[in-house]
Amino acid sequence: MSQTNSRQFAVERDCHVHTRLCHHAEGEMAEYVQAALHKDLKGLVFLEHFETGINYFEPTWLNEDDFALYFEQGLSLREEYRGRLEIGLGVEVGYNPSRINETREFLSRYNWDLIGLSYHYYEYEGRHINMLSHKQQNMDEFSAIGVEVVIRDYLRGLLEGLRQLPINVICHLDAALRHHNEVIFNEEHLELIRLILSEIAARGLALEINTSGFAHRGEPYPKGWIIRQALEMGIKTTVGSDAHRPTEVGRYFEHLNPWLLQLNNKGDAVTGI
Ligand SMILES: [Zn+2]
Ligand SMILES: [Zn+2]
């Protein structure tokens, strides 16, 4: 039996949740803790949004005061629930190619339990467009720029972020332009994904299995063939719901291992997206 076939995802820990502190999620940290206990989880890792140098019409990330409050509340909750729930305080770092040093400096300020890498904002003509948004206006802009180019730049950015920043895990690898109907991964994109996986493996980092994908497309991020390849390469995984409200903590976790089993039983070499 191959490693992939014998593999089960550990679903007792949700390693990716947000709170109202990021300005686009709902709920207090304490409510997420309650939700995790209600779901019988053993661990919960907050992975709050950090972005810097982003010119966007609304902030979707924490500012300095928010991060201070985040640690104040998080450390206090960790003490309060010690022995009942392992609470981690992490960060989902949004890659910005022109702010590497600033990002590194910010990361060095806190003692993180988990640092995830994402790439949300595409720079275009001095402003940014959100690659994970579902807004039609954003989709239209990406169509005009060229979807293939945006996906290529996104994957190149992730690879660069992976090399330049002290991260632990790469979040929802193939989620960029997830709401765009023109996305097809070409040979260059596939090669970039392979390079990203090689880099993750070489550095002993982890790939996130993000169950919010079940809500959007009936399967997790990233796609099955990427997960399968990662597992075959011996890459570690984390599982996260990307909850933006307390009711989403641990969402679809019960689907994950049956999905993995069915993926393994297919036995085909999937490369498309
Ligand atoms: Zn978010
Ligand atoms: Zn997230």
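Let's start with a pair of helices. Helix H5, residues 136-145, and H6 have axes that come within 6 Å and cross at roughly 95 degrees. An angle from 65 to 115 degrees counts as roughly perpendicular. H5 and H6 are therefore roughly perpendicular to each other. Who touches whom? From H5, we have Phe142, Ser143 and Ile145. They meet Val147, Val149 and Val150 of H6. By type, the residues of this contact are five nonpolar, one polar and no charged.

One caution before I go on. This is a predicted model.

H6 covers residues 147-164, and helix H7 covers residues 187-203. They pack at an angle of about 15 degrees, and their axes are 10 Å apart. The cut-off for roughly parallel is under 35 degrees, so H6 and H7 are roughly parallel to each other. The crossing of H6 past H7 is left-handed. Here is the contact. H6 brings Ile151, Arg152, Leu155, Arg156, Leu158, Leu159, Leu162 and Arg163. H7 brings Glu188, His189, Leu192, Ile193, Leu195, Ile196, Glu199 and Ile200. In this contact, 10 residues are nonpolar, one is polar and five are charged. Recall the contact of H5 with H6, with no charged residues.

A third pair sits earlier in the chain. Helix H2 spans residues 29-38, and its axis comes within 10 Å of the axis of H3. The two cross at roughly 35 degrees. This crossing is right-handed. Met29, Ala30 and Val33 of H2 make the contact with Gln73, Gly74 and Leu77 of H3. The count there is four nonpolar, two polar and no charged.

Let me step back to the whole chain. How many helices and strands does the secondary structure come to? The answer is 10 helices and nine strands. The C-alpha atoms fill a box of roughly 50 × 50 × 35 Å along the principal axes. For 273 residues, a compact globule would have a radius of gyration near 19 Å. The chain has 18 Å, which agrees. Buried residues are 39% of the 273. Now take the contacts with a separation of 6 or more. Of these, 80% are between residues 24 or more positions apart.

Two loop residues next. First up, Cys171. It is found in the loop between strand S7, residues 169-170, and H7. Is Cys171 buried or exposed? It has 26 C-beta neighbours inside 10 Å, so Cys171 counts as buried. Set aside the neighbours within four places in sequence. Cys171 is then in contact with His16, Glu92, Gly116, Leu117, Ser118, Glu208 and Asn210. Trp61 is 110 residues from Cys171 in sequence, and their C-alpha atoms are 16 Å apart.

Trp61 comes up again with Glu51. Glu51 is in the loop between strand S2, 43-50, and helix H3, 64-80. Glu51 is a buried residue, because 23 other C-beta atoms lie within 10 Å. Not counting residues up to four places away in sequence, Glu51 touches Trp61, Gly94, Asn96 and Tyr121. Ile184 is 133 residues from Glu51 in sequence, and 27 Å from it in space, C-alpha to C-alpha.

Last topic, the backbone. Most residues other than glycine have a negative phi, and most peptide bonds are trans. Here are some exceptions. Asp40 has a positive phi, near 60 degrees, and is not a glycine. Where does Asp40 lie? In the loop between H2 and S2. With 9 other C-beta atoms within 10 Å, Asp40 is exposed. Glu125 also has a positive phi, near 50 degrees. Glu125 lies in the loop between strand S5, 121-124, and strand S6, 127-130. Glu125 has 8 C-beta neighbours inside 10 Å, so it counts as exposed.

And which peptide bond is cis? The one from Tyr221 to Pro222, with omega near -10 degrees. Pro222 lies in the loop between helix H8, 212-217, and helix H9, 224-232.

That's the tour. Happy to take questions.

How values were computed: Residues are numbered from 1 along each chain as its sequence is written. Chains are lettered from A and ligands numbered from 1 in the order in which they are written. This is a predicted model: local features need pLDDT of at least 70, side-chain atom pairs count only at pLDDT 80 or more; totals for chains, interfaces and linings use all residues. Axes are lines fitted to C-alpha atoms, for helices over the stretch in contact, and angles run from 0 to 180 degrees between N-to-C directions. Helices (H or I, at least four residues) and strands (E, at least two) are DSSP runs, numbered from the N terminus. Angles under 35 degrees count as roughly parallel, over 145 as roughly antiparallel, 65 to 115 as roughly perpendicular and the rest as oblique. A crossing is left-handed if the near helix is turned anticlockwise from the far one by less than a right angle, and right-handed if clockwise. Two residues are in contact if their C-beta atoms, placed from the backbone, lie within 7 Å. Ala, Val, Leu, Ile, Met, Phe, Trp, Tyr, Cys and Pro count as nonpolar, Asp, Glu, Lys and Arg as charged, and the others, Gly among them, as polar. The radius of gyration is taken over C-alpha atoms; the globule rule is 2.2 Å times the number of residues to the power 0.38. A residue is buried if 20 or more other C-beta atoms lie within 10 Å of its own, exposed if 12 or fewer, and partly exposed in between; C-beta atoms are placed from the backbone.
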